[in-house]
Amino acid sequence: MPLQSKPHPADTAEHLANVIGLHHVRIVPACTLHMHESSQDVCLAEPSSEEEVLAVLAYARDHGLSLLPCGAGRLLAYGPPAEAPDIWLSLRRMNRVVSLSQGDLIVSVEPGLTMSELTSTLTSAGLMLPYDPPAPADATLGGLLSAGVSGPRRALYGSLRDMAISLRVALLDGRVIRTGAKVVKNVAGYDMTKLFIGAWGTLGVITEITLKLRPLPMHRETVLAAGTLDALGSFRERIVQSALQPSRLEVVWQGETDKTQDWVLAVDCDEHERSAKAQTQILESMAHDLGLTVETLEQHAADTWWADHAGAISDRMVCIRLQGPPTKLFSALAPVLDTIAALAEEPRNISATAGGITGVARIAFDPARALLDDPACWQKLRDVIAASALEMTVERAPTAIRAQCTTSPFVPGAAAVMQRLKQTFDPEHLLSPGRFLGGM
Amino acid sequence: MRDAHIDALVNIVGERRCLWNPNQVRAYACDGYTAESAIPRAVVFPESTDEVAQICRYLYEHSIPYLPRGAGTGLSGGATPTGGEVVLSLARMNRLLAVDFDHLRAIVQPGLVNLTLTRRVAHEDCYYAPDPSSQSVCTIGGNFAENAGGSHCLKYGVTTNHIVAAKVVLPDGSVIDVGAPFGDAPGYDLLGLLVGSEGTLGIATEITVRILKKPQALRTALAYFDRVADASDTVTDIIVEGIIPAAIEMMDQLAMQAVDKSNYHVGYPHDIEAVLLIEVDGLAAGVDEVMARVVELCRKHNVREVKVAQSDAERALWWSSRKMAFGAMGRLSPDYIVQDGVIPRTRLTEVLQKIEAISQRHGLRIANVFHAGDGNLHPLVLYDSRVPGEAERAVQAGSEVLRACVDAGGSITGEHGVGIEKIGEMAYMFSADELQVQRAVKACFDAKGIVNAGKLIPLPGRCVEVKHARDIIEDHWQILNSFPDQAEVQVRGARAHGAGAEHTTSVQG
């Protein structure tokens with residue numbers, strides 16, 4: 001096959017404009033779309049339907065152009081730094097709620113719908129997606145699904161892999177497949193939905209997502225217990241060993257308060273009022289036994305507290321995720337925070353939270369200049385975490401830091417299967433090239 | 001027959017753990033789906049991941065087809081040989097390897113029986129949530145392969161929601177770790193693909209599961225309804241009300257008659273159309289209030305009688321009556337086919353009416369026992385294989401039931417798996433493209449296509465024929481409209497036998 005030169009961005013834009021409309025195609029420097037991208041020109045395409053997505057994919061395939069499917073771009077500071085794509089495929093305009101069935105507790109949405117848009121639709125129907133990702137409210141469902149991140153509610157409700165039951169995916173070869181089924185239980189064929197969750201858009205472009213829902217809890221109540229990390233660790237253990245039903249259980253760093261009581265354990269309850277009150281009573285008596293001070297938030301106050309909590313994690317430039325058994329996480333928090341204090345521009349602005357059931361911790365901060373310039377600083381943090389036998393993932397960081405974290409985390413056997421999957425869906429490596437873990 | 005390959009297997013596991021004599025391996029000719037069977041070449045009983053890996057490596061190198069097997073209680077033929085395969089029975093890998101009560105995780109070998117796990121962690125008030133009706137004999141490895149469900153999925157989810165990590169032997173014998181005990185593993189979700197893959201992508205040899213703390217309190221109610229529609233509406237209303245019960249099960253009159261003739265006699269009235277078994281759980285302080293609300297909703301929908309279990313014995317009787325329903329069908333009919341369709345819960349009444357029409361059209365009784373909260377139906381088509389033609393009609397009726405489920409926006413299987421049994425219906429639910437992509441995924445794991453081949457995903461030829469037959473019907477619908485039933489029969493014929501030309505031409509003719 002003769003080597004073809006890629007069309008100039010202007011030609012790409014002209015062609016795509018014919019397909020999806022003049023107003024929805026632009027040539028812009030990548031860095032205007034995301035602060036960590038280069039200043040290279042990319043063709044921004046904003047399709048409004050699956051057909052338009054397919055048209056963009058067809059053009060990209062025929063001309064060997066790389067594509068980066070994305071939503072609001074809130075989660076893009078992840079993975080190895082890669083070149084700007086030829087086509088920046090924004091799905092933000094595909095933001096409709098396709099169908100909502102209250103009796104079936106199921107909603108189908110387009111990928112560009114944001115969490116806050118979905119939440120307002122669901123709330124008015126008395127429903128919720130029990131999902132509280134550590135991301136801004138304008139992050140899109142498609143982006144969150146592709147990133148596969150989860151928040152504190154995972155403790156009771158699981159992650160998106162437990163909620164997403166069906167997808168429509170536009171493949172690079174022009175086919176559209178449906179995965180799963182729009183019913184809550186289904187084992188027909190492979191569970192293909194799972195393959196696209198956390199795949200960072202490297203296998204196909206998700207054009208519709210169907211999610212299982214829950215009724216909106218009529219009552220929300222959160223108990224906040226403050227004390228030393230040790231005492232909160234004991235509190236956590238008692239809660240986990242009881243028959244209580246926390247919907248979220250997080251130990252949270254309260255940087256700015258008095259040094260002796262710098263952590264709180266937040267225990268959330270989605271049960272109806274009578275059960276929640278009973279749970280709170282039990283929690284209070286456990287907390288008093290351990291010499292902890294307790295405060296209880298209800299309804300709106302509880303919602304606000306959790307929203308602020310998510311905001312504190314998603315506002316900082318760097319966010320690292322640690323995973324492991326909760327007891328290990330709890331005991332690693334102090335040394336990890338000490339190390340990070342030396343790497344952060346402003347130690348007071350470090351946010352940290354660790355799931356007492358999920359075993360997922362996040363620490364977010366704005367990096368000091370030294371961290372960006374000197375890779376050795378980062379190595380120190382990695383050593384501390386390795387000593388605690390926890391797994392670390394850099395969820396968000398400036399390019400300079402991500403460039404230091406490019407080693408493949410896969411064992412050879414698993415990597416081979418993953419590479420074959422990638423090869424099957426995207427043989428030319430046009431979808432989000434180089435951005436997946438290990439540079440896949 | 002003993003040959004060099006058998007010798008090689010014996011070299012790995014020893015004489016005692018390798019069966020090859022046809023009389024001995026006959027017991028492995030099928031699983032709980034007995035309509036088809038075939039004699040395997042050999043059955044081996046590995047005891048460690050390393051032995052499984054050695055066996056797989058040898059067989060794959062020599063291109064000898066093989067398949068894994070747990071307790072063999074599957075209902076769709078997933079563990080049934082198609083002829084000449086080596087069966088890897090994981091029954092001897094039945095140890096509970098580790099339990100971490102502090103973090104609510106357990107690591108088990110695949111042959112561990114589902115209920116045994118629950119019993120082994122019960123002293124710490126823990127349990128393993130997925131509870132298929134066969135839980136006293138089925139294995140966690142089998143549950144992993146089939147993504148098994150159970151009665152409490154409505155609130156607690158199915159197997160895939162409870163397995164967090166696994167050690168897996170890939171078809172070629174390489175061993176990989178997938179998933180993560182906490183959080184998410186990097187890369188593509190191979191664990192998610194493997195769960196429910198019916199042993200076609202690899203064999204899990206160590207499985208890390210979540211265990212749960214037992215709920216503080218339970219309340220169980222039994223509600224009799226004169227009309228099925230009222231029972232269905234009650235189910236929907238409970239959920240719309242914001243209550244997620246641990247389980248909502250429904251049985252129709254025929255199923256009630258069967259279980260009342262069994263050892264678990266509840267004494268259901270003979271003139272009601274449906275009974276609901278509803279269980280709520282949670283904190284002791286709240287369950288009574290929730291149950292009171294459920295009872296109120298039953299009354300709102302014209303319940304004839306609703307009672308809340310007053311003792312553990314009463315609750316146990318009601319549950320046994322429900323869980324033994326399949327077995328009890330033997331009291332009504334010598335043979336039955338159990339189906340496993342799923343529909344959106346809100347379309348229950350409508351689909352039940354369609355099932356009733358299918359029953360009448362074929363002159364076969366269909367009993368309905370199902371997980372109403374999930375919309376997971378288990379229609380039991382009763383027939384007598386001694387009556388010529390009745391078995392075929394039963395298969396047809398079952399297939400029509402599944403199509404009714406797909407037409408209502410649902411699925412052909414909610415928890416029993418596709419296996420051999422429903423492989424024909426796959427092409428009804430998925431497009432040729434969708435099936436091709438699934439075959440491509442299979443090839444990423446098993447390039448030779450020899451691991452549990454012929455299960456789950458139909459081969460391309462077969463779907464082409466089905467599609468072809470369907471196209472012909474669509475092209476000639478005016479002619480065929482005058483005898484729709486024959487057309488249906490032809491399509492099914494094409495699917496069931498995988499035969500091409502003569503069936504399709506006869507449709508055309």
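## Close-up views of a two-chain predicted model

**View 1. Where chain B meets chain A.** In this predicted model, 75 residues of chain B are in contact with 63 residues of chain A (in contact means that the C-beta atoms, placed from the backbone, lie within 7 Å). Strand 9 (175-179), helix 7 (190-194), helix 8 (228-240), helix 10 (284-300), helix 15 (423-429) and helix 16 (432-445) of chain B each give two or more residues to the side that touches chain A. Helices (H or I, at least four residues) and strands (E, at least two) are DSSP runs, numbered from the N terminus. Helix 16 of chain B gives the most to this side, with eight residues. By residue kind, the side of chain B that touches chain A has 35 nonpolar, 27 polar and 13 charged residues. Here Ala, Val, Leu, Ile, Met, Phe, Trp, Tyr, Cys and Pro count as nonpolar, Asp, Glu, Lys and Arg as charged, and the others, Gly among them, as polar.

A word on the labels: residues are numbered from 1 along each chain as its sequence is written, while chains are lettered from A and ligands numbered from 1 in the order in which they are written. Because this is a predicted model, local features need pLDDT of at least 70 and side-chain atom pairs count only at pLDDT 80 or more, while totals for chains, interfaces and linings use all residues.

**View 2. Helix 16 of chain B, end to end and face on.** How far apart are the end C-alpha atoms of helix 16 of chain B? They are 20 Å apart, which agrees with the 20 Å that its 14 residues should span at 1.5 Å a residue (the expected span is 1.5 Å times one less than the number of residues). The buried residues of this helix are B:Glu434, B:Leu435, B:Val437, B:Gln438, B:Val441, B:Lys442, B:Cys444 and B:Phe445. A residue is buried if 20 or more other C-beta atoms lie within 10 Å of its own, exposed if 12 or fewer, and partly exposed in between, with C-beta atoms placed from the backbone. Seen down the axis of helix 16 of chain B, its buried residues fall within an arc of 165°, so they line one face (the arc is that of the directions from the helix axis to the C-beta atoms).

View 3. An α-helix has 3.6 residues a turn, so residues three or four places apart point the same way. Just after helix 3 of chain A, A:Gly126 takes a positive phi of about 75°.

**View 4. Two loop residues of chain B with positive phi.** B:Leu104 is in the loop between strand 5 (96-100) and strand 6 (105-108) of chain B. Although B:Leu104 is not a glycine, its phi is positive, at about 55°. B:Leu104 is partly exposed, with 19 other C-beta atoms within 10 Å. B:Asp125 sits in the loop between helix 4 (114-121) and strand 7 (126-127) of chain B. Phi of B:Asp125 is near 60°, and B:Asp125 counts as partly exposed, with 15 C-beta neighbours inside 10 Å.

Terms used. Contact = placed C-beta atoms within 7 Å.
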